[in-house]
Amino acid sequence: MTKKFILWGSSGQAKVLADIINLMGDHVVALFDNCNVKPAVSGVPLIIGEQGFRRWAESQKMENEIIFGLAAIGGDRGIDRLSIHTLFREYGFNIPVLSHPSAVISESAFIGAGTQVLSQANISAGATLGEACIVNSNASVDHECQIGDGVHIAPGATLCGCVDVGSNAFIGAGSVILPRITIGNGSIVGAGAVVTKNVPPGLTVVGNPAKFIN
């Protein structure tokens, strides 16, 4: 049976998710955004703001259909993704895991609701990912990594074995996190950084080897 999806966000991430949804034989029925921007998916209505969403969601109650919802927001906005999932659940919408057919995910990995695993990404044995994460194109999460809610692992980033990433952290494109490193809640790892030491919560590190910046 074809599944109906709604996406909050009408920019690049929505286009990426819509492509995956189409590959699965499903389709997007509505887009939501706080800004009046161009719809990211051709032919799909864009509804503005939380009040617009609530009116739309109330209208769907009469239909009694199963609808799947995802936050199509990239970057270091894990808190926003989690907040949107809370709003979707308020109206009984399902929050699925979405993975590209080319992604490789171990059967022993655990992936939380609303997490998005994009093309050519790899999630290895025993890895655990929280809710509303993004594992972007060609990113690699090696064995037994522990990833908190709302984390974004950008394209081409590599997390070696047993890395622990706190909630709402951002791991930049092409960065490398060495084994058994801890990245604190809300921290940012810059693009191309090589992280050789633990990163405390809320800090930004850049460079090779990675160093803290204000």
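Student: How many residues line the largest pocket, and which of them lie nearest its centre?

Tutor: Rolling a probe the size of a water molecule over the atoms shows where empty space is left. Here 14 residues line the largest pocket, and Trp-8, Asn-34, Ile-73, Arg-77 and Ile-84 lie nearest its centre. A pocket is an open set of points on a 1 Å grid over the protein atoms alone, where a 1.4 Å probe fits and protein lies on both sides within 12 Å along at least five of seven lines, and lining residues have an atom within 4 Å of a point. The model is predicted, so local features need pLDDT of at least 70 and side-chain atom pairs pLDDT 80 or more, while totals for chains, interfaces and linings use all residues. Residues are numbered from 1 along each chain as its sequence is written, and side-chain values use heavy atoms, without hydrogens or water.

Student: Which residues of H2 are buried, and what do they pack against?

Tutor: Buried (under 20% relative accessible area, 1.4 Å probe, protein chains only) applies in H2 to Gly-49, Gly-52, Phe-53, Arg-54, Trp-56, Ala-57 and Gln-60. These buried residues pack, with heavy atoms within 4.5 Å, against strands E1 (4-8), E2 (27-33), E3 (46-48) and E4 (67-71), and against helix H3 (78-90).

Student: Which residues line the second largest pocket?

Tutor: The lining consists of Val-195, Thr-196, Lys-197, Asn-198, Val-199, Val-205, Pro-209, Ala-210, Lys-211 and Phe-212.

Conventions
Buried < 20%, exposed > 50% of the residue type's maximum accessible area, 1.4 Å probe, protein only. Helix = DSSP H or I, 4+ residues; strand = E, 2+ residues; numbered from the N terminus.
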